[in-house]
Amino acid sequence: MNKFMRMIVFFDLPVVTARDRKAAAKFRKFLLKDGYHMMQLSVYTRVCNGVEAVEKHEARLNLNLPSKGSVRLLTLTEKQYESIHILLGEKTFDDTSESMELLNIF
């Protein structure tokens with residue numbers, strides 16, 4: 001049985017020039033199209049069903065990296081992700097058990 005994993009992408013991209021802004025927008029659009037959800041500004045997350053799916057999406061991420069900036073990936077088990085503490089703000093739908101229940105249906 002596969003274990004649900006959570007991929008978290010953190011990035012800082014330059015947005016000084018029009019070319020930089022276009023590259024940053026293209027990267028964000030890729031993340032959304034590939035199933036990531038914005039957790040906070042410049043922090044996107046997606047759930048994967050197992051290590052093979054994580055490897056597939058990491059490869060896709062590498063193919064779509066912008067040429068400048070900083071992009072980091074952290075992969076956790078869903079159980080590890082559940083231990084997150086929200087210090088300020090509120091949970092989003094993606095942080096709730098209902099979102100995981102929807103994944104189990106599919």
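This is a walk through the fold, from the sheet to its helices and then to selected side chains. The model is predicted: local features need pLDDT of at least 70, side-chain atom pairs count only at pLDDT 80 or more, and totals for chains, interfaces and linings use all residues. Residues are numbered from 1 along each chain as its sequence is written, and side-chain values use heavy atoms, with hydrogens and water left out.

Start with the sheet. Four strands form an open sheet in the order β2-β3-β1-β4, with antiparallel pairing. The edges belong to β2 (37-40) and β4 (70-77); each has a single partner strand, so one side of each lacks a neighbour in the sheet. From one strand to the next, the twist averages 30 degrees. Strands here are DSSP runs of E, at least two residues, and helices are runs of H or I, at least four, numbered from the N terminus. Two strands pair if DSSP finds at least two bridges between them. Strand β1 (residues 4-12) and β4 run antiparallel and are joined by 8 bridges. Within this pairing, M5 stands opposite T77 in β4.

Contact means heavy atoms within 4.5 Å. Axes are lines fitted to C-alpha atoms, for helices over the stretch in contact; angles run from 0 to 180 degrees between N-to-C directions.

Next, the aromatic rings. There are 2 aromatic pairs. Rings of Phe, Tyr and Trp (its six-membered ring) pair if their centres lie within 6.5 Å; planes under 30 degrees apart count as stacked, over 60 as edge-to-face and the rest as tilted. The ring centres of F11 and F27 are 5.2 Å apart with planes at 90 degrees, so this pair is edge-to-face. F11 lies in strand β1 and F27 in helix α1, so the pair ties together parts 16 residues apart in sequence. F11 and F27 are both buried (under 20% relative accessible area; exposed is over 50%, partly exposed in between; 1.4 Å probe, protein chains only). Ring pairs link F11, F27 and Y44 into a cluster.

Finally, S42 sits in the loop between β2 and β3. S42 counts as buried, at 15% relative accessibility. Leaving aside neighbours within four places in sequence, S42 contacts V9, F10, F11 and R28.
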